[in-house]
Amino acid sequence: MRIETRYHLEHPRDEVNAWLERPGALTRLTPPGLATAEDAAEGGTRQGRLVGVRLGPTLLPQPLRPRWLLRHADATAPFDFADQQVRGPWRTWRHEHAVEQSRSGAAVHDRLEVELPRRLERWEPRVGELVRGVLHFRARQLREDLAFHTARAGRRPLTVAIAGSSGLIGSQLAALLRTGGHTVRPLVRRAAAAPGEISWDPQGGRLDPADLEGVDVVVNLGGRSIATRWTAPARAEIRASRLAGTTLLARTLAGMADGPTALVQASAIGYYGPRRPGEKLVEDSGPGEGFLAEVVRDWEAATTPAREAGLRVALLRTGLVLSDGGGSLLPQLPLFLAGVGGRLTARDAAISWISLDDMVRAYAHVILSSTAAGPLNTVAPGTVTAGEFARALGRVLHRPALLPVPAAGPALLLGCAGADELIRTDQDVSDDRLRRSGFEPAHPELEHALRHLLRQMPAEGEE
């Protein structure tokens, strides 16, 4: 099977090639729900380099994620380099790449020669469609990331320390920053092993200020996942994991005479409480009620020492982050693909969402800004209802979205309290302040965002 595509970019060939050579490029070009690149901090297309990829979303245990091993090899003209399968799921795989100069920019030219295992040969048309979807995803991702970096050209490279850099958002943020020429230093909860790592122990209150010397901005994405059954121990851990790390970072930064100048802190629209029907929620809206509202309020308050010491502190109140690599969308996909998907809550309940890539670019925007501070609602401009969300997902997947999911399903997974605050929500949250700070989302419309992250070819009239 041969697949060949060519996509135009409004950027010079040298600029595109420079981006492809930087660490993080492979991570940004790999759909997180499909695979994860190993050695994410390494970049380049040099001949002979071995590239390992783990197939499947990161939520799966590693033994269930087969390893795909590729080698960069010589390519035939007009291609610049090739990926040749060493070990993996295909009988043969060869992917040749070229970045060609055009009159108004560059064109990315890909050619794949693939032989499927014999047992899958009858699925060749469907596999070809999936591969074309991945190539379209890569081209669109490259175009949008280059546009993001071009809009911020001329700013000095920063050194950014990230707590939570191995998570879904953190790994993509680290990759985006690296492709922009910035240095990323992960904060890890073990002895530092790789170059640039910073060891810390948030629960034990251990972080050496000397390890943060030379860092410009600290990003805190740490915290136990809330997508779990809300037992009493889980609630305690959700709270403690956020407050301990944030308190340690804020106090450490506040005590440094010549340390980082900004703390960019994860937060959540859970601050407003699960249900605020009929309200347009802005950053000055009062806090709501419930476990999450209480946790988020105290989480944000834990940054006070840094703010009082004169640091720029930004609090990104995150909406529903859409990705097929994790979060609340992932468990819905099997239901929709089986033809039994539907809305999770009341038909007219407002859902404030954001695509994973716009979430990551919003973090990078705030990191690189000199003025973005305080709470910032990090959501897409287009709030939708639960009914509209289900219908849009159904259209993208070509499946019906007629029947609401029984309330017992989410309650079984999250417990009654967790389902009440995470699923049965109604929050119409405004992103005006984030956009006034200079951020422009690449995916302002839900269906467009879903087509991108689910690697669907664009609808008629879309690019």
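Because the model is predicted, local features need pLDDT of at least 70 and side-chain atom pairs count only at pLDDT 80 or more, while totals for chains, interfaces and linings use all residues. Residues are numbered from 1 along each chain as its sequence is written, and side-chain values use heavy atoms, with hydrogens and water left out.

Two packed helices are described by the angle between their axes and the distance between the axes. Helices (H or I, at least four residues) and strands (E, at least two) are DSSP runs, numbered from the N terminus. Axes are lines fitted to C-alpha atoms, for helices over the stretch in contact, and angles run from 0 to 180 degrees between N-to-C directions. Helix 4 (residues 168–179) packs against helix 9 (residues 356–368) at an angle of about 55 degrees, with the axes 9 Å apart. Helix 4 is therefore oblique to helix 9; angles under 35 degrees count as roughly parallel, over 145 as roughly antiparallel, 65 to 115 as roughly perpendicular and the rest as oblique. The contact (heavy atoms within 4.5 Å) involves Leu 168, Ile 169, Gln 172, Leu 173, Leu 176 and Leu 177 of helix 4, together with Leu 356, Met 359, Val 360, Arg 361, Tyr 363, Ala 364 and Ile 367 of helix 9. By class, 11 of these residues are nonpolar, one is polar and one is charged. In this classification, Ala, Val, Leu, Ile, Met, Phe, Trp, Tyr, Cys and Pro count as nonpolar, Asp, Glu, Lys and Arg as charged, and the others, Gly among them, as polar.

For helix 1 (residues 13–21) and helix 3 (residues 124–150), the axes come within 11 Å and cross at roughly 100 degrees. These two helices are therefore roughly perpendicular to each other. Glu 15, Val 16 and Trp 19 of helix 1 meet Leu 142, Asp 145, Leu 146, His 149 and Thr 150 of helix 3, a set that divides into four nonpolar, two polar and two charged residues.

Ser 171 is located in helix 4 and is partly exposed, with a relative accessible area of 27%. Buried means under 20% relative accessible area, exposed over 50%, and partly exposed in between (1.4 Å probe, protein chains only). A polar atom of the Ser 171 side chain lies 2.8 Å from the backbone oxygen of Gly 167. Although Ser 171 and Thr 27 are 144 residues apart in sequence, their C-alpha atoms are 8.1 Å apart in space.

Two residues located in strands are buried. His 109, in strand 7 (residues 105–115), is buried at a relative accessible area of 3%. Its side chain forms a polar contact with the side chain of Glu 100 at 2.9 Å; such a contact is a pair of N or O atoms within 3.5 Å, where, within protein, one must be able to donate a hydrogen and the other to accept it, and residues adjacent in sequence count only if both atoms are side-chain atoms. Asn 220, in strand 11 (residues 217–220), is buried at 2% relative accessibility. The side chain of Asn 220 makes polar contacts with the side chains of Thr 246 (3.0 Å) and Gln 265 (3.0 Å).

Phe 439 lies in the loop between helix 12 (432–436) and helix 13 (446–453), and counts as buried at 3% relative accessibility.
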